[in-house]
Amino acid sequence: MQPRNMSMSGVVDLAAVKAAGEAKQKAEQARAEAARTGRAPTSGARLVFDVDEAGFQQDVLQRSTEVPVVIDFWAEWCEPCKQLGPLLERLAGEYAGKFVLAKIDVDANQMLFQQFGVQGIPAVFAVVAGQPIPLFQGAAPESQIREVLDQLVQAAEQQFGIVGALVDPQVAGEEPEAEAPVPTGPYDALLEAANQALDSGDLGGAIQAYKNVLSDDPANPEAKLGLAQAELLHRVQDLDPQAVRKEAAENPADVPAQIRAADLDLVGGHVEDAFGRLIDAVKRTAGADREAARMRLLELFEVIGADDPRVTAARTALARVLF
């Protein structure tokens, strides 16, 4: 049996989680303020940019692990492109960072044109977690384009946990201003108590404490991350590791067994093994089993943190088996 006070040492640094949570919380607060005032907050991120073959890896593939990248294939001589391009740029501004727009001149980048199998221009693709997705071809109506973009943003968030950062299109590309000190939030004391309960092995107390925060502040990032950790530890505390691993090895098609083994992998610090196990389960199964494996994988992404390169790699691998 696993001891009741098993910790996440070696897997997740609570201080790092807290710092990441605070950063995400500021983003959420900025988004709420933008909705209230009608003004977008500022960021140095670019919403629209030109891409060539040399920069494709970094500007599109790597960036697509953090935000959906929409690609506009165009050319100077293409009249429909001159109608579609400005519309996409305007929508990128309106969506304020939920996706970014990469513009590729096909005359100057024939290799990319061929690799994507573009039959004619204008042509619009997306890249999510490193995987290309055809969206539409031709100068489509704005209502149709909005519908496609909404579906793209929703799929990126629900299937991969990829959510773009909120930016202000009027200042995108400029150097961000120095940030003012962030005032102490109303839940700091509750979160500190929850973190202490988690550190001490009081998993039930930690889970309840994090839920108390989330009941009043459902988007609180630190509480969401802390709850994911506490629930993971609670799931594995009474498992027999040897029996779980034996069952998973003997029954590769048993998704609940693979999920239990993945939880143990993560707690033991074998992050890539946990992710790989669940990705394989998604690949081999369908229906409710596939969805259960995918959802547990997203939960484990939350435990490790979106910025961890192992999460980035796993998102890309998940995209390959889903698309």
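Student: Which residue takes a positive phi just after helix 3?
Tutor: Ala96, with a phi of about 50°. Keep in mind that this is a predicted model.

Student: How many residues does helix 3 have, and how far does it reach?
Tutor: Helix 3 covers residues 79-95, which is 17 residues. From first C-alpha to last it reaches 25 Å, close to the expected 24 Å.

Student: Which residues of helix 3 are buried?
Tutor: Cys81, Leu84, Gly85, Leu87, Leu88, Leu91, Ala92, Gly93 and Tyr95.

Student: And what covers them?
Tutor: The cover includes strands 1, 2, 3, 4 and 5, along with helix 5 (142-160).

Student: How many bridges join strand 4 to strand 5?
Tutor: Six, and the two strands run antiparallel. Ala126 stands opposite Ile133 of strand 5.

Student: Now Ile104. Where is it?
Tutor: Ile104 sits in strand 3, residues 100-105.

Student: Why does it count as buried?
Tutor: Because the relative accessible area of Ile104 is 0%, and buried means under 20%.

Student: What does Ile104 touch, leaving out residues up to four places away in sequence?
Tutor: Val51, Phe56, Ile71, Asp72, Phe73, Trp74, Asn109 and Leu112. Trp74 is 30 residues from Ile104 along the chain, with 6.2 Å between their C-alpha atoms.

Notes: Residues are numbered from 1 along each chain as its sequence is written. This is a predicted model: local features need pLDDT of at least 70, side-chain atom pairs count only at pLDDT 80 or more; totals for chains, interfaces and linings use all residues. Side-chain values use heavy atoms; hydrogens and water are left out. Helices (H or I, at least four residues) and strands (E, at least two) are DSSP runs, numbered from the N terminus. Buried means under 20% relative accessible area, exposed over 50%, partly exposed in between (1.4 Å probe, protein chains only). Contact means heavy atoms within 4.5 Å. Two strands pair if DSSP finds at least two bridges between them. The expected span of a helix is 1.5 Å times one less than its number of residues.
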